[in-house]
Amino acid sequence: MALTSEGLLEIEGAQSRYVRLANGSRAHYLSWGRDGIPVLALHGGIIGSSGAAGFRNTGTYLAERGFQVFAPDMPGWGLSDLREDYWPRNGFYDHTEFLHQFVNAMCMDSFHITGNSMGCINSINYLIAHPDRVRSFAVIAGGFGDAAPIQRLNFNPADAWDGTREGMFKLMQLIINNDEHITDEVLDMRIAHATRNMEPFRAFWDAQEAVNVAKDLNLRQVNVTRGRLTEMTTPGICIYPVDDRIIPVETGREQEDALPNVQFFYVTGAGHQAQTDRPDVVNPLLAEFFRDGKISAATAALAGVSDRRPPLPHIVEGS
């Protein structure tokens, strides 16, 4: 299957669109569905990532169940604005600002949010900054800021690709455990996006002292989550892949210990991009949670609901 004229995967039901933001930048996003409660879907931070790469299966599934899904390309990724004025030189701070301008431009007053890897911390940072806008959050294998720091990381996301096709395939094997999902089209799209965005991508990571820690001391304070996230009542779940090759599952368990108000699930047979390896598990979990605010006992069991502590009764039925 060939890529589209924009160099994107052909994705059932997806529309490739652009919107002008208040700061003058031109944001690219994929959308699924024409109405229903909005879901904001945020991709990961490894080079070559994009809304299309991260949520090609999830967007279609949720739209078929009555949601309207938006998956923007973050500044420095995908088909984001390449003009230097809009490079993310302030790291995650710029991503939070971008997201707020994006949801305002799309007239999304209230929405669910989901994110994988970098999309996880972007979801949490947005929740902390604008809790009045987020109905619930469902994050996949990523960071929660200093509320639950990541102690283990098997590689540096700022320097993970050697510029070759073979190197991109090996990088994808760190993210996706099932090689069948690493198609030629996926590689073509990710290589094109990685090549296109090399300079803004490096500008983003140059602003970070560590994955979730800004070099600028003032900006570092903006995204403080410690002592804040645990006091919030917004319903939230975390999906952690048991076979993650980038952030080992032990990190998920450490996060669970630090976040008593977040319900954790440990999905087997999945790598870092769990929604790609196990859409049969992740997609129904997201759909139930966003639709009902709760997850049935059967779906929770299939998704590997944590047995390290009693399930949260306001999230898992029958607990």
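User: Is A141 buried or exposed?
Analyst: Keep in mind that we're looking at a predicted model. A141 is in the loop between β6 (134–140) and α5. Its relative accessibility comes out at 0%, and anything under 20% counts as buried. So the word for A141 is buried.

User: What is the phi of A141?
Analyst: Most residues other than glycine have a negative phi. A141 isn't a glycine, yet its phi is positive. The value is about 50°.

User: Where is S117, and what phi does S117 have?
Analyst: Look in the loop between β5 (111–116) and α4 for S117. With a relative accessibility of 16%, S117 counts as buried. S117 is not a glycine either, but its phi is positive, at about 60°.

User: How many disulfides does the structure have?
Analyst: A disulfide is a covalent bond between the sulfur atoms of two cysteines. Take C120: the closest cysteine sulfur to its own is in C238, 5.8 Å away. The cut-off for a disulfide is 2.5 Å, so that pair is too far for a bond. Searching the whole structure gives a count of zero.

User: Are C120 and C238 buried or exposed?
Analyst: C120 has a relative accessible area of 0%. C238 also sits at 0% relative accessibility. Since the limit for that class is under 20%, both C120 and C238 are buried.

User: Which residues of helix α7 are buried, and what covers them?
Analyst: Helix α7 covers residues 198–206, and its buried residues are P200, F201, A203, F204 and W205. As for the cover, it includes α3 (92–105), α4 (118–129) and β7 (208–210).

User: Which residues is F204 in contact with, leaving aside neighbours within four places in sequence?
Analyst: F204 is found in helix α7, and its relative accessible area of 0% makes it buried. Setting those sequence neighbours aside, F204 is in contact with W77, P88, G91, F92, H95 and M118.

User: How far apart in space are F204 and P75?
Analyst: Along the sequence, F204 and P75 are 129 residues apart. In space, going C-alpha to C-alpha, the separation of F204 and P75 is 8.5 Å.

User: What about E231: buried or exposed?
Analyst: You'll find E231 in the loop between α8 (217–222) and β9 (236–241). Its relative accessible area is 61%, and the line for this class is drawn at over 50%. So E231 is exposed.

User: How far is the C-alpha atom of E231 from that of N261?
Analyst: These two residues are 30 apart along the chain. Between the C-alpha atoms of E231 and N261, the separation is 8.5 Å.

User: At what angle do the axes of α5 and α6 cross, and which residues make the contact?
Analyst: Helix α5 (residues 165–175) and helix α6 (residues 184–196) have axes that come within 10 Å and cross at roughly 105°. That makes α5 roughly perpendicular to α6. From α5 the contact uses R165, M168, F169, M172 and I175, and from α6 it uses D184, L187, D188, R190, I191 and A194. By class, that is seven nonpolar, no polar and four charged residues.

Notes: Residues are numbered from 1 along each chain as its sequence is written. This is a predicted model: local features need pLDDT of at least 70, side-chain atom pairs count only at pLDDT 80 or more; totals for chains, interfaces and linings use all residues. Side-chain values use heavy atoms; hydrogens and water are left out. Buried means under 20% relative accessible area, exposed over 50%, partly exposed in between (1.4 Å probe, protein chains only). Helices (H or I, at least four residues) and strands (E, at least two) are DSSP runs, numbered from the N terminus. Axes are lines fitted to C-alpha atoms, for helices over the stretch in contact, and angles run from 0 to 180 degrees between N-to-C directions. Angles under 35 degrees count as roughly parallel, over 145 as roughly antiparallel, 65 to 115 as roughly perpendicular and the rest as oblique. Contact means heavy atoms within 4.5 Å. Ala, Val, Leu, Ile, Met, Phe, Trp, Tyr, Cys and Pro count as nonpolar, Asp, Glu, Lys and Arg as charged, and the others, Gly among them, as polar.
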